[in-house]
Number of protein chains: 2
Amino acid sequence: MSPLDNALLAIERACGSGSVIRDESLREGYAGDESETTPCIPEAVVRASSTEEVSQVMRAAFEHGVPVTPRGGGTGRVGGAVPVRGGIVLTFERMASIKHIDRNELTTRVQPGVITGELKRTVEEDLLYYPPDPNSRDSCAIGGNLATNAGGPRAFKYGVTREYVLGMEVVLADGTVLQLGHETKKGVTGYDLTALVVGSEGTLGIVTEATLRLIPKPEATVTLLACFSGLDEVAPAVQTLLSQGHVPSCIELLDSEAIRIVRPEAGLTIPDETKAILLVELDGEAGRLDGDLEVCGNALTDLGALEVLVAQTSGERDRLWASRRELSHSLRRQAKNKLSEDVVVPRTKMADLLRTCAELSDENELVIPTYGHAGDGNLHVNFLWDDPDQKRKVDDAVKRLFERVIELRGTLSGEHGIGVLKAPYLPMEQSLALIDLQQRIKDVFDPKHILNPGKIFPADAKRFHGVC
Amino acid sequence: MSPLDNALLAIERACGSGSVIRDESLREGYAGDESETTPCIPEAVVRASSTEEVSQVMRAAFEHGVPVTPRGGGTGRVGGAVPVRGGIVLTFERMASIKHIDRNELTTRVQPGVITGELKRTVEEDLLYYPPDPNSRDSCAIGGNLATNAGGPRAFKYGVTREYVLGMEVVLADGTVLQLGHETKKGVTGYDLTALVVGSEGTLGIVTEATLRLIPKPEATVTLLACFSGLDEVAPAVQTLLSQGHVPSCIELLDSEAIRIVRPEAGLTIPDETKAILLVELDGEAGRLDGDLEVCGNALTDLGALEVLVAQTSGERDRLWASRRELSHSLRRQAKNKLSEDVVVPRTKMADLLRTCAELSDENELVIPTYGHAGDGNLHVNFLWDDPDQKRKVDDAVKRLFERVIELRGTLSGEHGIGVLKAPYLPMEQSLALIDLQQRIKDVFDPKHILNPGKIFPADAKRFHGVC
């Protein structure tokens, strides 16, 4: 028997035969994610039902040296959940409970398979709020959010996933179960391994439960849509708005290509000459929000907006947001291929970044719709192409984009992580000494390199490129 | 020549002879901190002037296997800066510049020797705000704040140090200089080593520069002081206040012993029957704060406060806070010995924790003034004693306190860290597997164990107990 067969036999014995899927037609569904990463069909899919089962899976995988790729909702943008070295994909559909909501402590305990949007809706019924809101919230899972340290539009006001994780239960590569962090808001005993595991893309350990911090649900929310006649006006407008002391819950930017694509679906009546949109949301106390809305709307007009629309009803707001949320999928329908980058630059450099995107589009005759979280300087730069021959042009343009981002003292990824697709570019941002240090930390957690192998680190990525 | 002499020779060559202090009368000043840890006079004190010099110091120390204990303001409460294995104390008086404040990006770049209070005052001149406010802010340094992940009263609303660190430059044990993290608010490239180094008590690397996030300075601040006739009423009052949606910038608790000590110095006119005080601060927009103050004051009265005083002027507020800030030193003057614990429990368990403190006081005939950050369930439990024979009683009481804290699902330290004093207790909270994992991470960063050795880990603590 092969090492894999031995491992699966041990897993079936521990978790029951129904937990292991070997049927190829079913395994195919676990081969890819929502990125251009080449899908790889895993040799088996294991559905764990408990921490103890995850531990048994890892013990067997460790003993027999079988790769294990943990998978949340499969909505990743860099191939993080793609099993590039085969082996087992470990899924959490059976570990999808919100185990506890504590209204007094403002915490919740959740399993990794919980869909983020479901968690958000559930706690909101109790007038609580879980702020992280990745675009894929209705299909991504908390486990994946922890693995990537997910953000979203409201990270501008409320911060990213890490800031809401108090503690977690993790299973290490050898099956050891550890409790990391605290149940309290503060705690400084030992190293902050919770923060280390968050964002580690499933390469250090598997989160089997997390204690998340909640906040009181904002009483009310209002949304403004400001239309601008030029992209150049937008970055200074954002800067001025914020320096005036406004604290929106988010400030989303859409460039003209993004507007062109989203416009028919959104049914928006906006001025024809609109070349950029800022979607600004304010939340807080109901009694104060009308005043804030007026002040903010006037400020946007003063900053040169052609028109400022206010979503009057929750229906209008939902429609506005639905089109923004669907933007990524709408873009995908525009061309056969789509590469979505999520670079970040210091906010004052956003105008430079937008100019770079325009130049790359002109020079390479590529369609590069850009949108994203303007308040954080975190933009989604999308490359769309049909003709496979254009791929080289796209690769060149991506590299130039990254070079410019680094020049502007930014970072290659604000939300998606590194995964497979960005691994070759990591040395553009990080020194080899820093990458080496991270790999040595990886070795401590996962000496046999069985946990989501082939991710993050360029050496690995290179070594295993083209395996599938 | 001894390894130390060799190392110092190399250091003098690299940093200049004035950088190395060998005079014993001067070295004595670097032997202890503000805790009961037995002071240890280092064999040398090195004052570095630049990152390059820190790197040279570590290269020499690494080559010759000499312990290096980095030291900030020396205000620690657990012996973190005490050179328990001798060697070199590395100080940062010469690296104390605020190198840059970016009003648009809301960031600042600082060297580790900057005094926290000075940073706070400087950025406030620009209407910016650096929220972390450890009690010792006028003498502690940012480097020490990073090492302990310092908190303070306003952590309740604004979070702890880690939440304000975007990136940092660190020197590893072997002298390697690394840039960690980002200059942008978001960034998920690779592992979050910034968060790992923050709170690592100088055992993983030496921070030589940090990029910190700032926020706009709150327009105005108001302070309320609510007097209660019993300690039992306070925990429920805090809980109810917060569940009503109030978001104070802090909620500080003082028990009757703390009040007795602080009262003469504060010149407060409060009801004689006061057994507990809540100091509640609100901040925000000036125009809205009066309304908030009234609502919050009425809520405190409804929750059973004997009297609610409002600090009408900034002078009154300063006096109120000065006495709160001096409390720790006032306590120290009450007895020959003082041990200050900083346990945290879930906020809903604070009443249980306060009862435990009262029981420990009664049963052991010990004076145990308790105060702290009630909004976070983070209390400073102080043990005061004169007679050395009482030490055993204190040790027993501390152990029972910690047992109770763990039962209540709390943590042994919310702000101070582990250092020397709490190292023997770490296994009460963390499994041996977790401690072992942390030690293996330590090995990656510092294979020769020269960086602040003898801290955090109980095995080390035991092995080197009584060296001084």
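**Entry 1: across the chains**

I started with polar contacts and got 41 residue pairs between chain B and chain A, both residues at pLDDT 80 or more. By polar contact I mean a pair of N or O atoms within 3.5 Å; within protein, one must be able to donate a hydrogen and the other to accept it, and residues adjacent in sequence count only if both atoms are side-chain atoms.

Then I looked up which elements of chain B give two or more residues to the side that touches chain A: helix H6 (155–158), strand S9 (177–181), helix H7 (193–197), helix H10 (286–302), helix H14 (426–429) and helix H15 (432–445). H15(B) gives the most, with 9 residues. These elements are DSSP runs numbered from the N terminus, helices (H or I) of at least four residues and strands (E) of at least two.

By class, I have that side of chain B down as 27 nonpolar, 27 polar and 17 charged residues. Here Ala, Val, Leu, Ile, Met, Phe, Trp, Tyr, Cys and Pro count as nonpolar, Asp, Glu, Lys and Arg as charged, and the others, Gly among them, as polar.

**Entry 2: a note on the model**

This is a predicted model, where local features need pLDDT of at least 70 and side-chain atom pairs count only at pLDDT 80 or more, while totals for chains, interfaces and linings use all residues. Residues are numbered from 1 along each chain as its sequence is written, chains are lettered from A and ligands numbered from 1 in the order in which they are written, and side-chain values use heavy atoms, with hydrogens and water left out.

**Entry 3: area and salt bridges**

How many residues does the contact take from each chain? I found 71 from chain B and 71 from chain A, contact being heavy atoms within 4.5 Å. The two chains bury about 5,800 Å² between them, 57% of it on carbon and sulfur atoms. Buried area is the accessible area (1.4 Å probe) that two parts lose on being put together, summed over both. B:Lys186, B:Val188 and B:Tyr191 supply 17% of what chain B buries against chain A, more than any other three residues.

I also looked for salt bridges (a side-chain nitrogen of Lys or Arg within 4 Å of a carboxyl oxygen of Asp or Glu). There are 10 across this interface. One I checked joins A:Arg162 and B:Asp192, at 2.4 Å from N to O.

**Entry 4: symmetry**

A rotation of 180° with 0.0 Å of shift along its axis puts chain B on chain A, RMSD 0.0 Å. So the two copies are related as by a two-fold rotation axis. I used least squares on the C-alpha atoms of residues with pLDDT of at least 70 in both. The same surface serves both copies, as 100% of chain B's contact residues recur in chain A.

**Entry 5: inside chain A**

I looked up the domains of chain A: domain 1 (3–93 + 442–464), domain 2 (98–216), domain 3 (220–328) and domain 4 (336–426). The bounds come from an automatic or database domain assignment.
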